[in-house]
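Here is a short report on a single protein chain. It covers some helices, a pocket and a few single residues.

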Amino acid sequence: MGKITIAIDGYSSTGKSTIAKRLAKSLNYIYVDTGAMYRAVTLYALNHDLINEKGEINAPKLVEALPDIVLKFVPNPETGRADMHMNGQNVEEEIRSMRVSGKVSKVSAIKEVREKLVNMQQQMGKDKGIVMDGRDIGTVVFPDAELKLFMTASPETRAARRYKELLENGEEVSYAEVLKNVQERDLIDSTRSISPLKKAKDAIEFDNSDMGLEEQFERVHDFAQRVIAKKG
């Protein structure tokens, strides 16, 4: 049976990665978390003092450093997932922090950053059999993907999910802070001039505000099976 490309886009904290990982595993496809790649570049900028206390990014210096940023997904035998490694170091936990979340949308808006990472993503998916999630997968990275999903949920629902996740990871943060971050990221992601977050014309919109994980997975898996069956 022929393999397809599955592009999952949508707002932050809509559960894109959770669904994409599970879908890829069920189909025996490769999974790529593009958000982790942008988060890693953001972490690099923070660790090298390229983002000041006001949140302003030294874009020229970051662009100059891009050739020195080596990103790789490495399987983690303990979790069964692939962790993000940057320049040989496992940064999976660090990139999920609020410190990075508060800056990643601004870093993602830098043209040269997007060009580098989009090129990497396209190379990863050139042989199909891939599930990739992000903000511009169905519109820019794989505009010809056979299945495109656009995931959304209310800001309050997404903030509650993210807040719970951060608390479970031991971060001291308030719900109000997380909600503000979600709303700010929505604004930046959807209004940036380079590859803004938007639903592709042929994408299936998927509002999961009132859905549990099992229902979400069953629906998405059904979408995928139908498209794969047509592909033959």
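## Terms and source

Buried means under 20% relative accessible area, exposed means over 50%, and partly exposed is in between, with a 1.4 Å probe and protein chains only. Helices (H or I, at least four residues) and strands (E, at least two) are DSSP runs, numbered from the N terminus.

This is a predicted model, in which local features need pLDDT of at least 70, side-chain atom pairs count only at pLDDT 80 or more, and totals for chains, interfaces and linings use all residues. Residues are numbered from 1 along each chain as its sequence is written, and side-chain values use heavy atoms, with hydrogens and water left out.

## Helix 6

Helix 6 spans residues 111-124 and has 14 residues. From first C-alpha to last, helix 6 reaches 20 Å, close to the 20 Å expected at 1.5 Å a residue. The expected span of a helix is 1.5 Å times one less than its number of residues.

Which residues of helix 6 are buried? They are Val113, Arg114, Leu117, Val118 and Gln121. These cover an arc of only 115 degrees around the axis, which puts them on the same side of helix 6. The arc is that of the directions from the helix axis to the C-beta atoms. An α-helix has 3.6 residues a turn, so residues three or four places apart point the same way.

The cover over the buried residues of helix 6 includes helix 2 (34-47), helix 3 (59-65) and helix 5. Helix 7 (137-141), strand 3 (71-76) and strand 6 (130-134) are also included. Contact here means heavy atoms within 4.5 Å.

## Helix 8

Helix 8 has 14 residues. Its first and last C-alpha atoms are 20 Å apart, close to the 20 Å expected at 1.5 Å a residue. Arg158, Ala159, Arg162 and Leu166 are buried in helix 8. Seen down the axis, these buried residues fall within an arc of 100 degrees, so they line one face of helix 8. Lys164 and Glu168 are exposed on the other side.

Helix 2, helix 4 and helix 9 are among the elements that cover the buried residues of helix 8. Gly170 follows helix 8 and has a positive phi, near 85 degrees.

## Helix 9

Helix 9 has 17 residues and reaches 24 Å from its first C-alpha to its last. That is close to the 24 Å expected at 1.5 Å a residue. Its buried residues are Val178, Leu179, Asn181, Val182, Arg185, Asp186 and Asp189. They fall within an arc of 160 degrees seen down the axis, so they line one face of helix 9. The face turned away from that buried side carries exposed Ala176, Lys180, Leu187 and Thr191.

What do the buried residues of helix 9 pack against? They pack against helix 2, helix 4, helix 5 and helix 8 (155-168). Take Asp189, which lies in helix 9. Asp189 counts as buried, at 2% relative accessibility. Not counting residues up to four places away in sequence, Asp189 touches Ser105, Arg135, Pro196 and Leu197.

## The second largest pocket

The second largest pocket has a volume of about 240 Å³. It is lined by 14 residues, of which Ser101, Gly102, Lys103, Asn181 and Glu184 lie nearest its centre. Helix 4 (98-101), helix 5 (104-108) and helix 9 (175-191) are the elements that give two or more residues to this lining. Helix 9 gives the most, with six residues. By class, the lining has two nonpolar, five polar and seven charged residues.

On a 1 Å grid over the protein atoms alone, a pocket is an open set of points where a 1.4 Å probe fits, with protein on both sides within 12 Å along at least five of seven lines; lining residues have an atom within 4 Å of a point. Grid points are joined across faces, edges and corners, and the volume is the space filled by probe spheres set on the points. Ala, Val, Leu, Ile, Met, Phe, Trp, Tyr, Cys and Pro count as nonpolar, Asp, Glu, Lys and Arg as charged, and the others, Gly among them, as polar.

## Loop residues with positive phi

Asp49 sits in the loop between helix 2 and helix 3. Its phi is near 55 degrees, a positive value in a residue other than glycine. Asp49 is exposed, with a relative accessible area of 68%.

Asn87 lies in the loop between strand 4 (81-86) and strand 5 (89-90). Asn87 is not a glycine, yet has a positive phi of about 50 degrees. At 37% relative accessibility, Asn87 is partly exposed.
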